[in-house]
Amino acid sequence: MRKHTLSVTVENKPGVLTRVTTLFRRRGYNIDSLTVGASENPSISRITIVVEGDERVIEQVIKQLYKLVDVIKIIDLTAERAVERELVLIKVKADNNVRAEIVQIVDIFRARIVDIGRETLIIECTGDTGKIDAIEESLKPFGIVELVRTGKIAIIRGSK
Amino acid sequence: MKLKGAEILIRCLKGEGVDTVFGYPGGAVLPIYDVLYDSDLRHILTRHEQGAAHAADGYARATGKVGVCIATSGPGATNLVTGIATAYMDSIPMVCFTGQVGTAVIGRDAFQEADITGITLPITKHNYLVEKTEDVARIVKEAFYIARSNRPGPVVVDLPKDVMEREIDYQAPEEEISIRGYRVMKGYNSGQVIAAVESILKAERPVIYAGGGVIASEAAEELRELAEKRKIPVTTTLMGMGAFPGNNYLSLGMLGMHGTRYANYAIGESDLLIAIGVRFDDRVTAKVDTFAPHARVIHIDIDAAEIGKNVEVDVPIVGQVKEVLQAINKRLDSVDKFTDWHKTIDRWKEEFPLRYGNSAEGRIMPQNVIEKIYSLTQGDAIICTEVGQNQMWAAQYYQYKHPRSFLSSGGLGTMGYGFPAAIGAKIARPELPVIDIAGDGSIQMNIQELGTAVQYKLPVIICILNNEYLGMVRQWQGLFYGGRYSFTDMSHQPDFVKLAEAYGAIGIRVKNEDDVEGALQQALQVNDRPVVIDFWVDREADVYPMVPPGSSLFNMLGGD
Ligand SMILES: Cc1cc2nc3c(=O)[nH]c(=O)nc-3n(C[C@H](O)[C@H](O)[C@H](O)COP(=O)(O)OP(=O)(O)OC[C@H]3O[C@@H](n4cnc5c(N)ncnc54)[C@H](O)[C@@H]3O)c2cc1C
Ligand SMILES: Cc1ncc(C[n+]2csc(CCOP(=O)(O)OP(=O)(O)O)c2C)c(N)n1
């Protein structure tokens with residue numbers, strides 16, 4: 001069992017996301033994360049799906065996705081050299097005693113503080129999944145009030 | 001030229017070569033029905049939208065053309081759902097048009113609004129909600145193209161009322177279809193074809209396992225050539241009945257849960273399994289890890305997702321069965337020698353033929369009815385079935401000689417499929433006898449279509465194998481639930497003869513084995529209306545042989 005990141009280019013039409021998620025639900029594939037957004041071409045959207053499964057399951061996922069008429073292309077980025085990023089916003093408890101410590105962590109991760117409240121800070125961080133997991137771990141001891149992750153987006157390196 | 005959406009629709013249907021549509025009117029499709037009123041497109045009014053969907057499906061299976069049905073929005077559209085799912089599971093090309101409320105009120109729970117594109121998402125090959133009259137022509141073209149190409153399947157086109165009413169300056173759509181995410185499969189990997197040929201040359205105990213894909217690909221001739229050239233025994237799935245002549249020496253009949261012992265044994269012993277247009281359904285493989293345990297597996301299928309889905313494959317070939325078999329056949333010489341393998345199979349055939357006993361109750365044996373139908377029609381008929389024991393006996397005791405002569409709901413197993421499908425088939429092939437082999441339970445699911453068959457003077461013959469039980473379920477209760485026949489007794493039933501007569505059809509009751517043939521002969525003479533024959537068959541006859549659930553294919557009950 002391994003996590004695979006699939007970059008799926010689809011027609012930018014209403015209902016396409018439902019077709020993709022219905023397929024995952026119906027066939028019992030597990031979605032770890034899913035992001036969808038614009039691409040360089042306004043008639044095409046890009047869905048990035050992280051899915052877990054053995055080789056046979058992933059092969060089925062890809063083949064079944066290809067059968068959707070609105071799916072144009074699928075790249076399994078797991079096998080490619082790719083740049084992967086996630087964005088997280090973390091609202092963390094931060095009274096005066098710990099603020100300095102938190103700022104230090106933010107620096108180490110090259111994250112940013114985007115809002116300062118009386119008792120909390122909101123921190124923004126981008127990076128690959130490992131980095132996001134790590135900053136989340138580091139901030140946990142202070143008390144995470146709220147957290148939102150975007151799910152992964154990715155793109156292949158080089159001219160491919 | 002100024003045309004309304006509905007006029008464009010009908011014009012496009014004719015452009016696709018459609019001659020018959022099956023449907024049922026209602027508010028949202030009034031604009032379409034207004035155009036049909038004086039169109040030369042033949043419209044068959046069924047008595048239930050489910051009937052229209054199955055009839056379109058039967059028409060498609062009998063001809064290979066795309067079946068077409070129409071229903072209104074809301075309940076009309078939802079009544080199609082079982083028919084759409086039935087076609088989807090068996091990969092049948094169909095385009096279903098549904099009415100929809102006006103675009104201005106979609107999403108507001110308008111009267112008779114149902115989200116039919118949402119509902120049918122997982123049971124269609126593709127579906128469309130048409131938002132503009134300008135899109136009608138292109139979408140109809142795409143819908144037919146998608147329905148019939150590659151692995152066929154049903155496509156739903158949802159048509160809001162205002163889109164059908166509006167008039168636009170009509171321009172014929174582009175001839176070329178271009179859909180970025182959908183390409184028609186052509187060609188095959190010739191390296192894999194060579195690998196397949198080499199495997200065939202080396203094999204000592206080869207078996208062909210052929211299915212619905214052979215029929216979809218119109219490749220029965222190519223299949224026969226391969227089998228006869230190399231003397232390879234052929235077993236077919238339920239969906240493949242007719243893909244290879246049942247009376248050919250090399251035929252093993254059906255395999256699987258209710259397949260012949262010799263077909264299943266041959267799979268168990270074979271060293272090369274040539275799987276052609278099949279999807280390794282669990283009714284076929286039984287316990288999947290013991291399926292064809294000694295065999296190298298060649299799998300030819302148009303749908304790459306089918307390859308390796310349930311069973312590991314050694315030689316995968318993605319492509320049209322017809323093209324791939326032509327390529328394989330070209331590379332193979334004929335052999336005329338039969339081998340020990342054939343002797344082994346002959347021995348199994350002798351030792352374990354399909355057989356049945358006498359009725360303890362002195363009633364007709366259902367298998368006997370099927371055998372008589374065969375002896376009278378000799379394979380030159382279209383046999384439709386309902387679901388259950390009737391379906392299995394129809395597969396076992398009739399020898400199908402032609403593709404498209406056996407129409408049955410295999411994947412979904414839809415009771416109520418057979419009779420409306422027979423109506424569609426009879427309309428498509430009026431020159432052939434069309435016979436629905438039914439159970440007393442199934443026939444009651446779409447019995448209202450007698451009205452349709454009488455109205456259009458369709459001499460479809462319904463043979464009810466009346467055991468006054470939901471027989472197949474009763475059989476399982478008998479075998480696996482201690483004989484507790486929970487809610488499977490159907491002895492409260494109408495007088496089917498009177499019921500037929502009430503509709504204006506002919507009704508015949510047969511209680512004695514001696515009268516079976518005469519009744520069938522009488523029915524085959526009728527040419528202007530349907531005939532219902534109510535055969536009172538042995539109540540507790542079971543379908544054998546049988547692979548019990550969870551067992552390996554070669555561990556069969558009965559028929560030994
Ligand atoms: C009560 C009951 C009992 C049953 N018992 C049995 C049984 O004992 N034995 C049995 O066999 N079945 C049985 N069935 C039917 C079973 O459920 C399946 O429907 C059937 O086995 C599937 O047949 P198939 O593999 O030929 O596939 P189909 O469903 O016919 O699929 C066709 C395959 O061919 C491919 N294909 C389509 N077009 C082409 C083309 N042009 N070129 C190449 N490939 C193509 C498709 O991609 C697909 O993989 C039973 C059903 C019921 C309801
Ligand atoms: C629509 C539908 N409902 C329920 C079933 C489950 N089912 C499978 S076979 C069967 C019994 C069919 O009885 P009958 O039509 O009398 O045929 P027999 O088995 O007696 O030949 C039932 C209820 C089904 N296949 N389809």
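## Backbone contacts to ligand 2

In this predicted model, a backbone N or O atom of B:Asn390 sits 2.9 Å from an oxygen atom of ligand 2. B:Met472 also brings a polar backbone atom to 2.9 Å from a ligand 2 oxygen, and for B:Asp440 the figure is 3.4 Å. (Polar contacts are pairs of N or O atoms within 3.5 Å.) On its own, ligand 2 exposes 600 Å², and the protein buries 76% of that (Shrake-Rupley areas, 1.4 Å probe).

## The shell around it

Ligand 2 is surrounded by 17 residues, the closest being B:Gln389, B:Gly413, B:Gly441, B:Ser442 and B:Gly471 (near means a heavy atom within 4 Å). By class, the shell holds seven nonpolar, nine polar and one charged residues, with Gly counted as polar.

## The second largest pocket

Here you get about 1000 Å³ of space, taken as the volume filled by probe spheres set on grid points. A pocket is an open set of points on a 1 Å grid where a 1.4 Å probe fits, with protein on both sides within 12 Å along at least five of seven lines; lining residues have an atom within 4 Å of a point.

Its lining has 40 residues, and A:Lys13, B:Tyr128, B:Leu129, B:Glu131 and B:Ile139 are the closest to the centre. The lining splits into 15 nonpolar, nine polar and 16 charged residues.

## Ground rules

Residues are numbered from 1 along each chain as written, while chains are lettered from A and ligands numbered from 1 in written order. Local features need pLDDT of at least 70, side-chain atom pairs count only at pLDDT 80 or more, totals for chains, interfaces and linings use all residues, and side-chain values use heavy atoms, leaving out hydrogens and water.

Key. Polar contact = N/O pair within 3.5 Å; in protein donor to acceptor, adjacent residues only side chain to side chain.
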